[in-house]
Amino acid sequence: MPHRHLPRRTRSVGAAAAATAALLVAGLSGSASAEAATSAAQALRTDAAPPALLEAMERDLGLDRAQTERRLANEAEAGATAGRLRAALGADFAGAWVRGAESGTLTVATTDARDIPAIEARGAEATVVRHSLTDLDAVKSRLDRAAERNDTTDAPVWYVDVRTNTVVVQAVRPSAARALLSAAGVDRSLTRVEKSADRPRALYDLRGGEAYYIDNSGRCSIGFPVTRGTQQGYATAGHCGRTGNSTSGHNRVAQGTFQGSVFPGRDMAWVATNSQWTATPHVKGQGGQNVQVTGSTQAPVGASVCRSGSTTGWHCGTVQVLDTSVTYPEGTITGVTQTTVCAEPGDSGGSYISGSQAQGVTSGGSGNCGSGGTTFFQPINPLLQHFGLILKTTGDDEEPPGEEEPGGTWAAGTVYRPGDTVTYGGATYRCLQGHQAQTGWEPPNVPALWQRA
């Protein structure tokens with residue numbers, strides 16, 4: 001999908017700019033200090049990316065091994081830097097994205113030119129735009145509400161495109177997009193209509209990361225193993241089954257029951273498994289290799305993301321836009337992430353992962369892995385929050401006995417969004433990147449995720 005890039009302001013050349021350039025060349029983009037970059041990469045375990053995932057990135061993104069490793073490290077730091085700037089710029093913030101083969105350039109948009117020095121001091125490029133992210137999000141929310149009472153079959157996709165500072169409506173018939181805009185009563189100067197022949201649909205029937213069967217008939221795929229208290233299970237797509245449906249595993253052994261399912265509106269569900277099945281901190285990779293999951297920090301726009309599916313194997317691409325709304329034949333889904341990763345029927349419910357960070361479960365899309373296409377995934381953090389689940393990570397079985405908690409509102413297992421504040425050890429911290437908290441990720445320990453307020 002083509003995007004019109006905004007013109008960026010020319011940066012002044014001086015000692016500070018030269019120092020920033022040196023950091024970018026070294027693969028430490030978006031940071032004013034090497035310590036912060038190292039901390040971000042370590043906290044998000046970019047070094048835990050398995051060979052199968054790196055190989056898929058090399059194939060699909062045209063990179064070599066060193067480039068893939070630098071790209072993952074750069075994206076980790078870019079997310080942290082964008083989070084810090086979002087907090088610092090407040091109402092002026094208009095979005096952020098990465099670009100380049102190694103995601104070596106972070107761009108941060110603002111509505112106030114006076115913010116440029118603060119943005120560039122963090123090693124990011126600045127661009128000045130007309131509309132804040134808050135304003136664009138408000139327009140999209142109005143479209144979401146209008147879609148509840150209007151037919152959007154011929155205008156099936158809409159989202160905030162931070163790179164063009166507009167709300168985009170994709171439509172098979174432009175008149176359908178105009179009707180939706182009129183019904184929402186939004187300012188047309190903040191929107192853009194794109195004509196597209198795509199009609200996204202949910203992906204059913206065959207397995208993705210690991211197959212499971214619903215009521216001994218339809219097939220979908222496990223997204224990510226989870227727990228709720230002592231109960232083990234997994235997250236998957238809501239359109240795969242309804243509450244009460246029974247499941248069997250890839251080997252047809254009785255497995256579990258859908259405990260909750262939301263579709264349409266969102267596309268999220270979870271299955272509680274019986275004692276024969278054990279949740280592991282892994283996604284099934286290419287050739288049956290285990291891909292370790294160490295957290296759920298959300299990847300920024302432009303970042304690399306890979307998908308596991310037995311129909312099409314490992315495929316990678318990039319995050320195009322966050323918080324997309326899309327209309328399937330069954331109804332409208334909000335809050336999904338749009339990507340360039342290909343998928344085909346049978347990949348539904350399967351895992352999207354960026355480095356070692358869980359991103360979401362396959363929802364639907366258009367096209368295929370022969371001709372290319374667009375896919376959408378249900379982000380994992382809202383799913384975990386909605387059902388009260390804990391993502392299974394590599395730290396679960398390796399965590400040493402901890403010290404007594406110093407007190408505060410921070411709690412392991414809680415899903416935090418950018419801007420949320422907590423207290424810990426007598427200090428207040430602001431969340432920089434969306435994630436589910438876990439032991440070892442206490443605010444003082446992970447500056448990539450938390451900033452002292």
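The lining of the second largest pocket divides into six nonpolar, twelve polar and two charged residues. (Nonpolar here takes in Ala, Val, Leu, Ile, Met, Phe, Trp, Tyr, Cys and Pro; charged is Asp, Glu, Lys and Arg; the others, Gly among them, are polar.) Keep in mind that this is a predicted model, where local features need pLDDT of at least 70 and side-chain atom pairs count only at pLDDT 80 or more, while totals for chains, interfaces and linings use all residues. Residues are numbered from 1 along each chain as its sequence is written, and side-chain values use heavy atoms, with hydrogens and water left out.

**Pockets**
- A pocket is an open set of points on a 1 Å grid over the protein atoms alone where a 1.4 Å probe fits, with protein on both sides within 12 Å along at least five of seven lines; lining residues have an atom within 4 Å of a point.
- The second largest pocket has a volume of about 360 Å³, the space filled by probe spheres set on the points, which are joined across faces, edges and corners.
- E210, I222, P225, T280 and H282 lie nearest its centre, out of 20 lining residues.
- The largest pocket holds about 1,200 Å³ of space.
- Its lining has 40 residues, with R86, Q298, L322, D323 and P418 closest to the centre.

**Core**
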